[in-house]
Amino acid sequence: MITAQSQPALSRGVKLRFDQAREAWVLLAPERMFALDQPSTEILKLVDGERTVEAISDDLAARFNAPRDVILADVVTFLEDLRQKGAVRS
Amino acid sequence: MTPAPPLALLAELTHRCPLKCPYCSNPLELERASAELSTDDWKRVLSEAAELGVLQVHFSGGEPMARRDLVQLVRHAASVDLYSNLITSGVMLTEAALAELVEAGVDHIQLSFQDAEVESAERLGGLRGAQQKKLDAARFIRAAGLPLTTNFVIHRQNVDRLEQMIALAEQLGSARMEVAHTQYYGWGLLNRDALLPTREQLERSTAVVEAARVRLGASMVIDYVVPDYYAARPKACMSGWGRRFMNISPAGKALPCHAAETLPNLTFPSVREQSLRQIWNSSEAFETFRGTSWMPDPCRTCDLREVDWGGCRCQALALTGDARRADPVCERSPDRHAITAALGSARDNAAWAPRQPRTPA
Ligand code: SF4
Ligand code: SF4
């Protein structure tokens, strides 16, 4: 489970990269890919196996001037979904 | 209007393979080694694919490791930023070969098994000693820190051991497991009577997968492909013709799906003569069944036409004799009786032919 204290990382074989042709970020994983919108991209850029979910949320709340609780809940939901799909580990 | 670019390239490097699986989806007429594309051709194809917007390349075959230049091709894919996936039977994957692939930048490996039980696996694959090589290959992949997907094609003759297969996949440390009921193309179609499961077998396999998913959660993700003969609606073959995938045959034919060469009256362009962009954007082969305007009834007016895109053209051809008809799997298709007949003629003691070249290579 992803919690506020987790230090999420991309699973082995999962890569975040910019897709030139479609001008968007994409998460490439074993035999599938996830198209990312801007908020998801901003979250994943901060996922490095060290930062906690809390720290990621603080960073985003400050930069996008948004309520931290709402951001934290969104980050947890988004990363937990990717964890269940095997793309992120906690 | 220019179509959206493809997301993935299926690079069928060769039809050569040390195994002889009776469900192999390769065509009955296997391509000879002398007809295969050169290393430079493949490198150019990979570069053109990346430029066109392809993000992932799947190296498959046959056995892609039968190509001596596989490492070079993987390295080239990495250099143009393509995510590379190797689809292999593992029987040629020694520790040294793996180290080279890792160094070249392979991102992921899918390792296929014929069964969990050695004797059955080696009878199906037609190669003694294959199972141990695969088990070793799995170990090497894990030791190198690469993510492992294990793949099991299931059918009438091995589906009853699905629990053991799942246990094996877990034991090997797969992050992902693919449990794929056989699709009936190529050799699979030829051997269909021996491979089609009974409805009870299908229902049980589905229940086994569902129970395993609950038990395993995210520790091993199971992808499950059902046999569409038992479904009420066809699969969206290749996510729609010319929408996501481009398949390159060993000899360099660009195909919208790996079985497309069976379709009559369509000429498939060669990557030796045209760029991938030209082929994708404007070749007749890719245009013919793209979208919905080619559809006859009942698809033409169906509310699901942009969900399954009328199903599979190759299946329509194989079972109705006309590639333009609705996929006969569909309950709304007037040809559904072809599926009913196939289900009726499958049986336990049906003979099957191992995959092998019909003419000496
Ligand atoms: S299905 Fe079997 S015979 Fe066909 S390419 Fe794969 S391993 Fe070889
Ligand atoms: S009628 Fe055609 S489009 Fe509609 S569900 Fe059947 S195959 Fe798909």
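Hi everyone, let's start in the loop between strand 2 and strand 3 of chain A, where A:Glu23 is found; strands here are DSSP runs of E of at least two residues, helices are runs of H or I of at least four residues, and both are numbered from the N terminus. Before I go on, a word on the model: it is predicted, so local features need pLDDT of at least 70, side-chain atom pairs count only at pLDDT 80 or more, and totals for chains, interfaces and linings use all residues. Residues are numbered from 1 along each chain as its sequence is written, chains are lettered from A and ligands numbered from 1 in the order in which they are written, and side-chain values use heavy atoms, with hydrogens and water left out.

Back to A:Glu23. Its phi is near 50°, a positive value in a residue other than glycine. Most residues other than glycine have a negative phi, and most peptide bonds are trans. A:Glu23 has a relative accessible area of 67%, so this residue is exposed; the cut-offs are under 20% for buried, over 50% for exposed and in between for partly exposed, with a 1.4 Å probe and protein chains only.

A:Glu31 also has a positive phi, about 55°, although it is not a glycine. You'll find A:Glu31 in the loop between strand 3 and strand 4 of chain A. At 22% relative accessibility, A:Glu31 counts as partly exposed.

And what does the side chain of A:Glu31 meet in a salt bridge? It meets the side chain of B:Arg176, at 3.7 Å from N to O. By salt bridge I mean a side-chain nitrogen of Lys or Arg within 4 Å of a carboxyl oxygen of Asp or Glu. Between chain A and chain B the count is two salt bridges.

That takes us to the interface. Chain A brings 18 residues to the contact and chain B brings 23 residues, contact being heavy atoms within 4.5 Å. About 1700 Å² is buried between the two chains, and carbon and sulfur atoms give 55% of that. Buried area is the accessible area (1.4 Å probe) that two parts lose on being put together, summed over both. On the chain A side, the residues that lose the most area to chain B are A:Arg22, A:Glu31 and A:Met33, together 37% of what that side buries.

Now over to chain B, and helix 14, residues 337–345. Which residues of this helix are buried? They are B:Ala338, B:Ile339 and B:Ala342. These three cover an arc of only 100° around the axis, so they sit on the same side of helix 14 of chain B; the arc is that of the directions from the helix axis to the C-beta atoms. The buried residues pack against helix 8 (192–195) and helix 13 (313–320) of chain B. On the face turned away from the buried side, helix 14 of chain B carries the exposed residues B:His337 and B:Gly344.

Last stop: two cis peptide bonds in chain B. One runs from B:Gly61 to B:Gly62, with omega near 15°, and B:Gly62 is in the loop between strand 2 (56–60) and helix 2 (70–79) of chain B. Another joins B:Asp297 and B:Pro298, with omega about 0°. B:Pro298 lies in the loop between helix 11 (284–288) and helix 12 (305–308) of chain B.
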